[in-house]
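Visitor: Please show me the structure. I have some questions about how the chains are built.

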Amino acid sequence: MAKTKKTSVEPSEEKVTLEEAAIVAEEMPVTAADEVAEQPAAAEETAASFGDKVKAFGGKIKEFFVGVGVKTKDFFGNLFKKDKKTKEEKLGEMAVVAAASDGQIETVVATSLLESKLSAKEKFGRFCRSQSGWLFVLPAVILMAVFTFWPILSAFINAFKQNYSTLTGKYDGWGFENFIRVLKGDTGTGGATFIQCLVNTMVFTFISVPLSTLLALLISVALNSIKPLQKAYQTIYFLPYLTNSLAMGAVFATFFAVIGTTKNTENVGIVNQVLQGLGLLPNETFINWLGTSSPKWVISANLTIPWAKYIVVIIYEVWSGLPFKILILFSALQSVNKQYYDAAKIDGASKNTVLWKITTPMISPMISYLLVTGIMGGMKQYSAIVGLFGEQMGIDYDMGTMVGYIYRYIEDGHMGYAFAGSLILFAIIMIITAINRRISSKKVSY
Amino acid sequence: MKITIQNLTKTFPSRNKKEKKENKGGVTAVNDMCIEIPSGKLVGLLGPSGCGKSTTLFMLSGLEQPTSGKIFFDDQDVTTLAAERRGIGLVFQNYALYPHMTVEQNIMFPLVNMRIPKAEAQARALDTARLVQIEDLMARKPSELSGGQQQRVAIARALVKMPNVLLLDEPLSNLDARLRLQTREEIKRIQRETGITTVFVTHDQEEAMSICDTMVVMKLGVVQQIGAPQDIYDDPANLFVANFLGTPPINIFKGEIRKGKVYIGKEAVATTEIADQPVYVGIRPEGFIYDAKGALTLETDHIEVMGRDKSIVSRHESSTKPTIRSIVDSDVALPKGAAKLTFNVKPNKLFLFNAETEERLI
């Protein structure tokens with residue numbers, strides 16, 4: 001067999017440059033094809049016109065793999081010698097790639113037959129060739145390993161270390177203390193507890209995401225049914241998406257708080273003035289939406305509900321969540337076959353029935369997508385709160401979200417609490433996503 | 001319910017804004033259509049694609065508004081009445097079944113919209129499903145049905161509200177050949193059982209001829225001929241209708257009337273009393289009688305034996321089509337390998353059309 005002949009070739013004197021090595025690594029199918037090229041039937045049919053060039057190139061590859069055995073000294077000695085590929089070789093490569101798919105099976109058989117006769121060096125070369133897929137994903141795998149997998153693993157490990165210091169790496173032993181303290185609110189640092197942050201996050205997410213999805217649905221249905229100025233409205237609705245969330249937070253803060261009033265109090269924002277104008281608030285009383293004396297319900301020592309601030313956050317999040325949702329739902333609506341609407345018309349369906357019985361089920365996959373991603377994003381909410389309430393996230397973190405809580409302890413250097421908090425958040429997101437999937441697999445039709 | 005269509009016209013405005021303003025340059029899909037559809041009949045709108053038959057159907061349904069003209073259901077003017085208030089059932093070309101609903105929900109949908117109590121709606125849905133023989137499939141979704149089954153569901157959905165008029169838009173075009181044969185008989189059966197005035201649109205003349213009580217042949221928005229299928233076939237109003245009906249299609253020759261005789265080339269094939277003029281001579285494939293001393297000589301190309309009869313493919317220099325097809329009984333003995341065959345023509349299968357207007361002369 002051609003294979004046997006090939007492997008018996010002695011290491012040649014020809015130098016192997018880095019460049020060639022790279023080519024071989026990249027053109028993996030080549031390895032299968034060079035043998036094919038030497039098998040008359042297979043090669044001459046598939047790459048007949050390139051036959052000779054293929055052979056020439058096949059020889060080069062052969063030399064390289066045998067050349068794995070070339071002494072390291074030689075290899076490095078030749079590192080910087082440029083050896084440009086000729087045009088013929090490039091053509092040959094192309095042919096080889098074309099021939100590769102046909103030759104694959106024979107190669108595998110040949111390889112297994114000959115494996116036992118090979119030296120260690122040759123086996124290594126073969127291994128490199130057959131496992132080449134890894135080389136392609138390696139850069140991404142390395143990056144992800146360093147910046148994603150290791151941090152996750154590290155968080156898992158370090159969450160169980162008591163009094164862990166990132167500077168010295170010292171800790172006082174293993175256990176669940178971090179988790180217990182986080183959940184009990186017994187971190188000894190003051191400020192909002194984990195429970196407070198969890199409730200904040202849940203309220204923001206589970207009110208604002210469904211609400212903004214519903215609003216987006218109604219707006220996009222309305223948008224879909226008008227013809228004049230449709231594009232203009234589309235653009236207007238999309239604008240908030242292009243705006244920085246911190247900037248939007250600052251604008252909202254202005255709406256609800258001080259600026260632009262004649263009364264020199266901190267709580268006469270435009271919203272209060274409008275509410276007064278509409279007669280919704282008794283004269284000269286104002287809601288302190290954002291300030292220190294903002295109204296709240298105290299549930300327990302660890303948990304208060306500052307409802308006025310909640311309203312501000314929810315309005316903000318609904319508004320900032322709308323553009324993307326409208327964009328998605330509007331395009332989903334446009335792809336619904338108009339004939340269903342004609343059929344519904346013939347069937348005497350009212351507009352309401354059409355919206356809830358025809359339109360919504362038709363775009364339910366998109367609605368489900370928006371809810372799932374919206375909830376995931378809501379759980380990670382952070383920048384909006386900072387935009388609205390500043391870095392302290394309200395009074396002593398009372399408007400803090402889960403991510404805000406984690407970030408606060410990273411800054412404080414209480415890494416253990418941050419790790420524990422992030423693992424709990426991770427678990428919560430996992431559970432919610434699982435529930436989401438359960439529901440959507442039942443409710444999302446076709 | 002009797003349907004009367006008076007001077008119905010539909011013009012789609014031009015996309016060019018200037019032309020649109022001046023009311024010019026639009027496309028007239030239906031032009032001054034006047035027909036009367038008797039109650040309880042199955043009527044087919046037939047024509048090549050783009051002839052305005054679907055537009056007519058949609059105007060009947062109320063989904064399209066006519067530019068001018070009127071539509072009456074019995075004596076009621078429904079021209080401006082909304083689709084849902086006309087009491088019609090419409091089966092779409094690709095059925096438009098709601099994919100997220102089961103068959104039962106699909107059929108019940110019109111009833112739910114009419115606020116009929118659930119129990120009654122279910123009973124009626126089941127009755128209708130029985131009529132179209134899909135009662136076993138009620139729990140399935142449309143995606144789990146074959147094309148033919150989907151079509152039955154669509155018909156059931158249209159019938160369940162007991163419409164005054166049933167409209168079918170190319171109901172058979174999405175079915176395979178065998179299913180098409182079966183379903184068209186099914187439509188005929190359902191129509192007979194329910195007695196609902198039915199209008200259906202098709203481009204397939206065979207389909208229309210096989211099930212229609214009355215056929216309306218259209219071309220470019222203009223009605224060409226209305227009548228029973230056989231009547232139209234035997235007595236076409238013009239060249240277009242003659243050409244459109246019949247498989248294999250009619251053979252058309254350029255001919256001439258000279259001194260009371262109809263000439264194709266130099267051969268006189270028939271006598272007539274019409275004044276001398278150039279004409280188109282149409283001869284149905286079954287209108288040829290083989291005769292060794294026949295009047296018309298055709299160059300034989302080949303002969304296809306179909307079992308029941310023989311189809312002779314031949315040529316003639318006056319023919320407007322590349323080949324001429326004549327069908328003779330399989331018992332007829334034809335000389336083997338003859339390059340030319342001569343035929344006589346059955347007078348009732350020969351039509352003469354004016355060479356310019358293409359209107360029928362005789």
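Visitor: Which residues touch the most other members of the largest nonpolar core?

Guide: This is a predicted model, where local features need pLDDT of at least 70, side-chain atom pairs count only at pLDDT 80 or more, and totals for chains, interfaces and linings use all residues. Residues are numbered from 1 along each chain as its sequence is written, with chains lettered from A and ligands numbered from 1 in the order in which they are written. A nonpolar core is a set of buried Ala, Val, Leu, Ile, Met, Phe, Trp, Tyr and Cys residues joined through C-beta atoms within 7 Å; a residue is buried if 20 or more other C-beta atoms lie within 10 Å of its own, exposed if 12 or fewer, and partly exposed in between, with C-beta atoms placed from the backbone. Among the 115 residues of the largest core, the most other members are touched by Ala156(B), Leu167(B) and Val199(B).

Visitor: What does Val199(B) touch?

Guide: Two residues are in contact if their C-beta atoms, placed from the backbone, lie within 7 Å. Leaving out residues up to four places away in sequence, the list for Val199(B) is Ile37(B), Val43(B), Leu45(B), Leu57(B), Leu60(B), Val165(B) and Leu167(B).

Visitor: How many residues are in the second, separate core?

Guide: Its members include Leu198(A), Trp289(A), Met379(A) and Ala420(A). The number of residues in this core is 37.

Visitor: Why is helix H3 of chain B largely enclosed by the rest of the structure?

Guide: Helices (H or I, at least four residues) and strands (E, at least two) are DSSP runs, numbered from the N terminus. The cover over the buried residues of H3(B) includes helix H4 (118-131) and helix H5 (147-159) of chain B. Those buried residues are Val103(B), Glu104(B), Asn106(B), Ile107(B), Met108(B), Phe109(B), Pro110(B) and Leu111(B). H3(B), residues 103-113, is largely enclosed because the buried count is eight of the 11 residues.

Visitor: Which strands are the edge strands of the open sheet of six strands in chain B?

Guide: Two strands pair if DSSP finds at least two bridges between them. The order is S6-S7-S8-S3-S9-S10, with mixed pairing. The edge strands pair on one side only, and they are strand S6 (88-91) and strand S10 (222-227) of chain B.

Visitor: In what sense do S6(B) and strand S7 of chain B pair?

Guide: Gly89(B) is placed opposite Leu166(B) in S7(B). Over four bridges, S6(B) and S7(B), residues 165-169, pair in a sense that is parallel.

Visitor: In the open sheet of five strands in chain B, which strands have one side left without a neighbour?

Guide: This sheet runs S15-S19-S16-S17-S18 with antiparallel pairing. A single partner strand is what each edge strand has, so one side is left without a neighbour in the sheet for strand S15 (288-290) and strand S18 (324-329) of chain B.

Visitor: Which residue of S19(B) is the bridge partner of Ile289(B)?

Guide: S15(B) and strand S19 (residues 340-345) of chain B are joined by three bridges in the antiparallel sense. Within S19(B), the partner of Ile289(B) is Asn344(B).

Visitor: Which element gives the most to the side of chain A that touches chain B?

Guide: The contact takes 15 residues from chain A and 17 residues from chain B. On the chain A side, the elements giving two or more residues are helix H16 (338-346) and helix H17 (351-362). With six residues, the element that gives the most is H16(A).
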